[in-house]
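Please consult the sequence and the structure shown below while reading.

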Amino acid sequence: MTSIASLYALLNLGIGNDVNKAAILQAGAVHKMLKLIESPNSSVTEAIIANFLGLSALDSNKPIIGSSGAIPFLLKILKNSDNTISCQAKQDALRALYNLSIFTSNVAYILETDMIPFFFNALGDMEVSERILAILSNMVSTPEGRKAISSVRDAFPVLVDALNWNDSPGCQEKATYILMVMAHKAFGDRQAMIEAGVVSALLELTLFGSTLAQKRASRILECLRVDKGKQISQNFGGSAAVSAPICGSSSTSTNPNLGSKGCLEEDESMMSDERKAVKQLVQQSLQSNMRRIVKRANLPQDFVPSDHFKSLTLSSTSKSLPF
């Protein structure tokens, strides 16, 4: 009882008082708390977690706590599955890890554990997913963190899946941030994202995501588009620009009967599978939006999709989308 009373007294002293937070750390409290973690009393453990959460809120405390051995302890708490630790204590441990991950020097201590693979396995549990993605957002600020994330098996498919969590805009925004930073930094990661099906998920976000998610999704798509443009340029002998076929030029100019129809057929045949997928997604999105409009207007359900509307969507292009 004495230990618990002392721990909660320190917790109360540190709440809302940065001077006390710094003084508690300078007095060596963290190392003394870590000596108590083997206590069979779960109340002591939860009081220590609460103190780490409060103390880690102060920037000057972050490197000291991070190097003390607190990170493996907090991760162990998250992995606890015997119900001896409360859900609130686990949330406090996750929030403390978030605080510590803000300080870039602590990334090295995090990478000494198996925290990142554990986090990817835990993604999907909506009670913790947004906080996990917030921690991963801090991790991508360093080359070591990005390398650790990209080395996790199925990391990109998991992040792409998070883009589809329409009921959690916060998760979508954080997942797009992680992908945006990684796409900007490494060609290999961009390729892995494309293979994981990121393009269609990002296109849908640009249509239906939050303002922040739309912005980030557009930036990733632009990065992928520029990357693809460079590949095309290299395939054509490194020329700076590749001209598209001009209607009515070359063979089409000698056969006026082909006209624009011939050009459209040529464009259709030359269209890549990726662009066809984009076109199909745009068509589906337009039809889906029309159905919503019809439903809100209480129009007859057979109003859409009409043959005329389908013809309009089929003839539309994806030029307005940032890809």
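In which helix is the place of Glu46? Glu46 lies in helix H4, which spans residues 42-55; helices here are DSSP runs of H or I with at least four residues, strands are runs of E with at least two, and both are numbered from the N terminus.

The model is predicted, so local features need pLDDT of at least 70 and side-chain atom pairs count only at pLDDT 80 or more, whereas totals for chains, interfaces and linings use all residues. Residues are numbered from 1 along each chain as its sequence is written, and side-chain values use heavy atoms, with hydrogens and water left out.

## Overall composition

The chain contains 20 helices and zero strands. Of its 323 residues, 40% are buried, where buried means under 20% relative accessible area, exposed means over 50%, and partly exposed lies in between (1.4 Å probe, protein chains only). The chain exposes about 17,700 Å², of which carbon and sulfur atoms supply 54%; these areas come from the Shrake-Rupley method with a 1.4 Å probe, and for residues only the protein chains shown count as cover. Among contacts between residues at least 6 apart in sequence, 66% join residues at least 24 apart, a contact being heavy atoms within 4.5 Å.

Glu46 counts as partly exposed because its relative accessibility is 21%. When residues up to four places away in sequence are not counted, Glu46 touches Thr84, Ile85, Ser86 and Ala89. Glu46 and Ser86 are 40 residues apart along the chain, and their C-alpha atoms are separated by 8.1 Å.

Ala47 is also found in helix H4. Ala47 counts as buried, with a relative accessibility of 0%. With residues up to four places away in sequence again set aside, Ala47 touches Leu7 and Tyr8.

Axes are lines fitted to C-alpha atoms, for helices over the stretch in contact, and angles run from 0 to 180 degrees between N-to-C directions. The crossing of H4 and H6 is left-handed, meaning that the near helix is turned anticlockwise from the far one by less than a right angle; clockwise would be right-handed. In this contact, Thr45, Ile48, Ile49 and Phe52 of H4 meet Ala70, Phe73, Leu74 and Ile77 of H6. By class, the residues comprise seven nonpolar, one polar and no charged; Ala, Val, Leu, Ile, Met, Phe, Trp, Tyr, Cys and Pro count as nonpolar, Asp, Glu, Lys and Arg as charged, and the others, Gly among them, as polar.

## Burial of helix H6

Helix H6 (residues 70-79) is mostly covered, with seven of its ten residues buried. The buried residues are Ala70, Ile71, Phe73, Leu74, Leu75, Ile77 and Leu78. Their cover includes H4, helix H3 (29-34), helix H5 (62-66), helix H7 (87-102), helix H8 (106-111) and H9.

## Two further helix pairs

Helix H9 (residues 115-122) packs with helix H10 (residues 129-139) at about 145°, and their axes are 10 Å apart. H9 passes H10 in a left-handed crossing. Ile116, Phe119, Phe120 and Ala122 of H9 meet Ser129, Ile132, Ile135, Leu136 and Met139 of H10. This contact has eight nonpolar, one polar and no charged residues.

The axes of helix H13 (residues 169-185) and helix H14 (residues 187-195) come within 6 Å and cross at roughly 130°. H13 is therefore oblique to H14. Leu179, Met182, Ala183, His184 and Lys185 of H13 meet Phe187, Asp189, Arg190 and Met193 of H14. The residues of this contact divide into five nonpolar, one polar and three charged.

| Residue | Phi | Loop |
|---|---|---|
| Asp154 | about 65° | between helix H11 (143-150) and helix H12 (155-162) |

Asn83 counts as exposed because its relative accessibility is 72%, whereas Asp154 is partly exposed, with a relative accessible area of 46%.

Conventions: Angles under 35 degrees count as roughly parallel, over 145 as roughly antiparallel, 65 to 115 as roughly perpendicular and the rest as oblique.
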